[in-house]
Amino acid sequence: MSDQNPPQSPTPPAGQPPYQPPTAPPAAPAYGSAPAYGAAPAYDPSGAPAAPGAPVPGKTLGIVAFVLSFFAQLFGLILGIVAYVQSKKAGVKNTWALAAIIISSVLMVLMIILGIVIFTAVLGATDAACNELGTGVWQLTDGTQITCD
């Protein structure tokens, strides 16, 4: 008997990768299974795709948070974060919740800065009046009472 060796492929020239046989292209999705253009697929927590037209988790809460972000920033921020997390877990975008988070944060920072400015202006006005009037308790013309040390 003779030694039988399987046929060997020729070695490629130096600097070239070895030959790889072509692979089959990926299968196209079945007709009607792709979502409409621009629509994001909705998923439930179990991982199964939701029915078309199903409500997006956190969308209504995101809209409520957006409205509250203009009037009650802290509540708008909290509800916006909750709505955003719910939508993210479901695998969908929630632009209302993201806008509520951004607007609430910006308005809260502006309100804090405005509060500091008003506080220092009132404190500075009181100090200026005390410097002019001297120490003691003073009754101003508008009925305000100032105590200067």
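**Helix packing and buried faces**

Modeller: Let's start where Gln73, Leu74, Gly76, Leu77, Gly80, Ile81, Ala83 and Tyr84 of helix 2 meet Ala97, Leu98, Ala100, Ile101, Ser104, Ser105, Leu107 and Met108 of helix 3. Contact here means heavy atoms within 4.5 Å. Helices are DSSP runs of H or I with at least four residues, strands are E runs of at least two, and both are numbered from the N terminus.

Biologist: Before we go on, what kind of model is this?
Modeller: This is a predicted model, where local features need pLDDT of at least 70, side-chain atom pairs count only at pLDDT 80 or more, and totals for chains, interfaces and linings use all residues. Residues are numbered from 1 along each chain as its sequence is written, and side-chain values use heavy atoms, with hydrogens and water left out.

Biologist: Thanks. How many helices and strands does the protein have?
Modeller: There are three helices and two strands, and along the sequence they follow the pattern α-α-α-β-β.

Biologist: Back to that pair: at what angle do helix 2 and helix 3 pack?
Modeller: The angle is about 150°, and their axes are 8 Å apart. That makes helix 2 roughly antiparallel to helix 3; the label applies to angles over 145 degrees, while those under 35 count as roughly parallel, 65 to 115 as roughly perpendicular and the rest as oblique. Axes are lines fitted to C-alpha atoms, for helices over the stretch in contact, and angles run from 0 to 180 degrees between N-to-C directions.

Biologist: And how about helix 1 and helix 3, at what angle do they cross?
Modeller: They cross at roughly 20°, with axes that come within 8 Å. Helix 1 and helix 3 are therefore roughly parallel to each other. The contact is made by Gly62, Ile63, Ala65, Phe66, Ser69 and Phe70 of helix 1 with Trp96, Ala97, Ala99, Ala100, Ile103, Ser104 and Leu107 of helix 3.

Biologist: Which residues of helix 1 are buried?
Modeller: Gly62, Ala65 and Ser69. They cover an arc of only 60° around the axis, which puts them on the same side of helix 1; the arc is that of the directions from the helix axis to the C-beta atoms. Buried means under 20% relative accessible area, exposed over 50% and partly exposed in between, with a 1.4 Å probe and protein chains only. On the other side of helix 1, Thr60 and Phe71 are exposed.

Biologist: What do those buried residues of helix 1 pack against?
Modeller: Helix 2 (73–90) and helix 3 (95–133).

Biologist: Which residues are buried in helix 2?
Modeller: Gln73, Gly76, Leu77, Gly80, Ala83, Ser87 and Ala90. Their arc is only 155° around the axis, which puts them on the same side of helix 2. The face turned away from that buried side carries the exposed residues Phe75 and Lys89.

Biologist: Last one: which residues are buried in helix 3, and what covers them?
Modeller: Ala97, Ala100, Ile101, Ser104 and Cys130 are buried in helix 3. Their cover includes helix 1, helix 2 and strand 2 (145–148). For the protein overall, 14% of the 149 residues count as buried.
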